[in-house]
Amino acid sequence: MTDDWLKSMDDGKLVGAVLLDFSAAFDVIDHELLLGKLKCYGFKDAALSWMESYLSRRRQKVFFNGSFSNSKDIHCGVPQGSCLGPLLYSIFTNDLPSVMNKARVVMYADDSTIYSAASECNELTNVLSSELRMVSEWVDMNKLVLNISKTKCIVFGSRYMLADDPLLNLAINRIHVEQVKKTKLLGVILDTALSWSEHIDNIVIKMGKGIAVTRKCSEYVTSSTLNQVIQSLVFSHLEYCPAIWSSAAKKDIKKLQMAQNRAARLSLHCSNRMNIIKMHQNLSWLHVKNKLLSSLLIFFRNVTFFKKPQYLSVQLVHTSNTHNHQTRQANSGQLKQLKPRTNCLKSAVLYRAIAEWNLLPIHISQAKSKSTFKKKIKEHLM
């Protein structure tokens, strides 16, 4: 999705996105509508009967002020905490994209984002307004509830396109949709320029909190346990979706490196005077820049070898397919690079991944197993 946005920005367009918020999404799914959709998708009578039995005859009660309420039958919703819950919700909302005319919608569980691109803000407003009317009708037909107060819209663009501070004038059921300068989607903070500065600042704060908690218990655990705690409380934040935001500016990456340096000093119980390079060598840690690069290449290996996600894999073109004769690049399995007009596209995951993949030695890019690939990448970047 962010690659789509960056491509549109590279073409000199504005991108408008609406992040829909459904109220109690898993709790209001109508059982009859769900079973009807399952039948349309080809579920047989035996499977439908089993699903009806799974959903029906469930009861609930509330514990309040020291006592339980009376039990009541549940006539809607899917069981939360179950394996089937998110799957059934995804099936139930699977037809939402069919109501779109010009905009696109990306869905992950109960997070749905509608977006479109246009050269002017007025055109963008007209397109998104029309699509929101269709979405509102679809929501009513499916007996869902939109939380309009938590539904936000945002405009992405280059600094030049954002200079005039473009404003969307969107409403759902005559209720204004708030436009924001930054928002969080699936744990990643998005800003209007897709600079990732806000997201990295948030990561640094979380890493700092993890380091502070770890320092308190560092005197009471072994070195191996301490490293496991650092991995869990500190590096887990650094390793969430790095392929998306690793195109951030050097000054922001430097903030992450400084946080990692603090974690290294804690792990080794050394002073601020200790050489950073030696600390990382002793711990066999990659520097942040290389750690992010490693994550990007590991992610891209799934794209090239296993065609996942398919949206990215279908865009790959091997150089051997662009020549009528064999070349060294073709024999090495190199990929044809995208042609950017501005620096916007250079921030896209696909552009950066292809650029780095083509620089890999062939014995690394053609490694057969994932574990071997990860080991060779780490050795290469150390």
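Tutor: Begin with helix α1 (residues 2-10): 8 of its 9 residues are buried, so this helix is largely enclosed by the rest of the structure. Buried means under 20% relative accessible area, exposed means over 50%, and partly exposed lies in between (1.4 Å probe, protein chains only). Helices are DSSP runs of H or I with at least four residues, strands are runs of E with at least two, and both are numbered from the N terminus.

Student: Which residues of α1 are buried?
Tutor: T2, D3, D4, W5, L6, S8, M9 and D10. After α1 comes G12, with a positive phi near 80°.

Student: What should I know about the model itself?
Tutor: The model is predicted; local features need pLDDT of at least 70, side-chain atom pairs count only at pLDDT 80 or more, and totals for chains, interfaces and linings use all residues. Residues are numbered from 1 along each chain as its sequence is written, and side-chain values use heavy atoms, leaving out hydrogens and water.

Student: How many helices and strands does the chain have?
Tutor: 17 helices and 13 strands. Buried residues make up 44% of the 382 residues.

Student: How do I read two packed helices?
Tutor: Two packed helices are described by the angle between their axes and the distance between the axes. Axes are lines fitted to C-alpha atoms over the stretch in contact, and angles run from 0 to 180 degrees between N-to-C directions. Under 35 degrees counts as roughly parallel, over 145 as roughly antiparallel, 65 to 115 as roughly perpendicular, and the rest as oblique.

Student: At what angle do α6 and α9 cross?
Tutor: Roughly 5°, and the axes of α6 (residues 197-217) and α9 come within 9 Å. The two helices are therefore roughly parallel. Their contact (heavy atoms within 4.5 Å) includes I200, V204 and I211 of α6 and I253, L256 and A263 of α9. By class, this contact has 10 nonpolar, 4 polar and 6 charged residues. Ala, Val, Leu, Ile, Met, Phe, Trp, Tyr, Cys and Pro count as nonpolar; Asp, Glu, Lys and Arg as charged; the others, Gly among them, as polar.

Student: How do α9 and α11 pack?
Tutor: α9 (residues 250-268) and α11 (residues 288-306) pack at about 110°, with axes 9 Å apart. They are therefore roughly perpendicular. I253, L256, Q257 and Q260 of α9 meet V288, K289, K291 and L292 of α11. That contact divides into 4 nonpolar, 2 polar and 2 charged residues.
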